[in-house]
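Me: Please go through the contacts in this structure with me, one question at a time, and let each reply end on the value or name I ask for.

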Amino acid sequence: MKKALLTGAAVVASVFGSQAHAERDYISIVGSSTVYPFSIVVAERFGKSTSFPTPKVESTGSGGGLKLFCSGVGGSTPDITNASRAIKQSEIELCAKNGVDDIIEVKAGYDGIVLANAAEAERVELTTKDIFLALAKNIPNPDGSDTLVENPYKTWKDVNPALPAREIEVLGPPPTSGTRDAFVELAMEGGCKQFPFIKAMKKADKNKYKAVCHGMREDGAYIEAGENDNLIVQKLVTNPAALGIFGFSFLEQNADKVQGSLINGKEPTFENISSGEYPVSRSLYFYVKKAHIDVIPGIEEYLAEFMSERAMGEYGYLAEKGMIPMKPAEMATVRANVKALKTLAAN
Amino acid sequence: MTNLTTREKVERSMKRRRASESRFRAYGVASVVFGLLCLVILFTDILRNGVSAFEQTVMDVSIELDGDYLGIDSQADDSAIKLANFDGLVKRHFDREVQPERRDRRQLFSLISAGASWQLQKMVLEDPSLVGQTVNVALLMDDDVDQWFKHYRGHSAHPVLNETQLGWLNQWADEGRLHTNFNTLFFTNGDSSEPELAGIRGAITGTFLTLMVTFLLSFPIGIAAAIYLEEFAPRNKITEFVEININNLAAVPSITFGLLGLAIFINLFGVARSTPLVGGLVLTLMTLPTIIISSRAAIKAVPPSIREAAYGLGASKMQVVFHHVLPLALPGMLTGTIIGMAQALGETAPLLMIGMIAFVVDVPGFITDPSTVLPVQIYLWSNGSEAAFTERTSGAIIVLLCFLITMNAAAVWLRRKLERRW
């Protein structure tokens, strides 16, 4: 009995001991749930076509990923983090504070955010101004004066007489989501700054400007439906009056069930997003810790796989999964930067 | 009214009392029926969606393993075979067979799974003498084809496949070359970004390793704690305080244990994220209260007469506990442990914090390899955009339910088999 206990204790101790010191032999990737489906394809192909182990990819959200990424250097911290937005200055500072100085920023491609409704319902045509007026918490007074009032609109027709008299009901992701961040920044702010007095606010009081443009209404017209885009698609099918906000890849995969609304006259299509004409599209990034490149095996090879034509090229497998590739000229710059392992500070 | 006899009063109230009794019974039956109905709806929905995950569409092809094209011969070693372009061979085969127009070629190739070339590669790795021969294989098809064949066949339109593609598929299906096979890959593969290649073996192995760590830690610790508290500890304020807190711990939301695990095991002790080791440690924290509480109840249920008889024969306290009380209480303890483990099996929330919500392709071999567990795999697949992942989500739920039912049945069986009534 005693012997068994001692052996057990020894085993546990050795496992802990080896844990604390052993370096990882696989790449650890964290970050955005939007980039996750693209990241796992590259990771899998990389694992199958090389002798390196398949990287581990965690879906933690852009902010959560950068927080982990910036927590330090060493085997217990991730090597790469995916982000559906660019790194913030505050995050670069956090990284620097923890000794993560050399960060390589890689742009992976573009993603569109769509407003969609059930396929059997009538297709909606909106402008970013309509979106702002329908979904913001506070909007400019409808009488035309330069004051803000709580959003009084109940139906789309109230917002813009050209729109149907349907109740405003939009399902979308919660504030922790990168999709929500991008939607707010591109669609809401895009409509918001069309009002001159709000635009003037940006210079005078940036925080107030942000509060006005980024504040979503909380009276039930905007419904937070969780991070699961499948759920939003299902709800749209059962409720043809509602609109939903999600990524372009879900629209593509569920083209039989939902249709994307036109925004500023542009349909959310592969071509329109790639050319930048569709207003609600964003860049997807990932960040690499340069200090890990010589320590963890395979990082450079992983980068090479991601940068290859068969991955992020125009007809690559990432495009098949719904990522919108960059234009050739931009892609060439990104590739050159990655090849030279150019870090953020040097940019 | 006051001149009624007692008997008359009773008789008058009888009807009301009987009515209230039958009403209560009806409520009871209604609740049971409601519960059963929910269960039946849940099970039929999951089965309806999930059963098709156990089948996978394949296509019978006889393909020439052209040694010249592959650049290998029948004596080639493994590394040369791994470098050979099997992907190109599959594409060339279909290109020659179908002879599509140039602009349609990509659409033709997208019908075949990326796994098809790995299938051929595996065949040649196992038997290099096949090079140069023509082999008959059931090639794996893409998940869109799989979904079309299983659910949309006969419909004229499809959300993803276009008319040209449907034309080829209908032709192959009419020739009887497209058919479904039992989906072995679902049980032998780890996770994948391609639904047709995604399997639960990685998640099941991860679950097994995690539960093993949990069991090896929580069973001895839980039982030792229960025996000490019940048999040896003095009754005073301190033990009372400990007791209350164990009961409180059992009610703590499981995500809290995940945060605790993150702070202590990962940040303080430096255990690697996403491993069964750290997962098992966190789940140990979670299952300990359940095991301690049920073990104490089992010890309490051993009648004092047994202890007194043992003392009467001159046994020491240790001997009484380990020779008499523990064997009699063990069935109850085991039942509690199994129920605690079944809880741990279904848990995702605490694992969220310690990085087990991860894409892991390689099947873990040891408790320090990155891995995921079955409920997490279900969660990850439920977020996938392809329809085929929805099907696999339900498929994995069926497997998880089977495990849970087996574990609970084992607990019931053990109780029946070993329990002694006094």
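Me: What distance separates the centres of domain 1 and domain 2 of chain A?
Reply: In this predicted model, the domain assignment of chain A gives domain 1 as 24-110 + 283-339 and domain 2 as 112-281. Taken over C-alpha atoms, the separation of the two centres is 30 Å.

Me: How much area is buried between domain 1 and domain 2 of chain A?
Reply: The contact involves 12 residues of domain 1 of chain A and 12 residues of domain 2 of chain A. Carbon and sulfur atoms give 54% of the area buried there, and that area is about 890 Å².

Me: Which residues of domain 1 of chain A lose the most area to domain 2 of chain A?
Reply: By class, the side of domain 1 of chain A that touches domain 2 has five nonpolar, four polar and three charged residues. Those that lose the most area together account for 42% of what that side buries, and they are A:Tyr110, A:Ile324 and A:Lys327.

Me: How many salt bridges are counted between domain 1 and domain 2 of chain A?
Reply: For polar contacts, with both residues at pLDDT 80 or more, the count between these two domains of chain A is one residue pair. For salt bridges between domain 1 and domain 2 of chain A, the count is zero.

Me: Turning to chain A and chain B, how much area is buried between them?
Reply: Chain A brings 31 residues to the contact, while chain B brings 35 residues. Carbon and sulfur atoms give 53% of the area buried between the two chains, which comes to about 3,000 Å².

Me: Which residue of chain B meets the side chain of A:Glu58 in a salt bridge?
Reply: Across the interface of chain A and chain B the rule finds two salt bridges, along with eight residue pairs in polar contact, both residues being at pLDDT 80 or more. In one of the salt bridges, at 2.7 Å from N to O, the side chain of A:Glu58 meets that of B:Arg273.

Me: Which element of chain A gives the most to the side that touches chain B?
Reply: At least two residues each are supplied to that side by α1 (2-21), α2 (36-49), β2 (56-58) and α11 (248-253) of chain A. The element that gives the most, with seven residues, is α2(A).

Technical notes
Residues numbered from 1 in each chain as written. Chains lettered and ligands numbered in written order. Predicted model: local features only at pLDDT ≥ 70, side-chain atom pairs only at ≥ 80, totals over all residues. Heavy atoms only, no water. Contact = heavy atoms within 4.5 Å. Buried area = accessible area lost by both parts, 1.4 Å probe. Salt bridge = Lys/Arg side-chain N within 4 Å of Asp/Glu carboxyl O. Polar contact = N/O pair within 3.5 Å; in protein donor to acceptor, adjacent residues only side chain to side chain. Helix = DSSP H or I, 4+ residues; strand = E, 2+ residues; numbered from the N terminus. Domains from an automatic or database assignment. Nonpolar A, V, L, I, M, F, W, Y, C, P; charged D, E, K, R; others polar.
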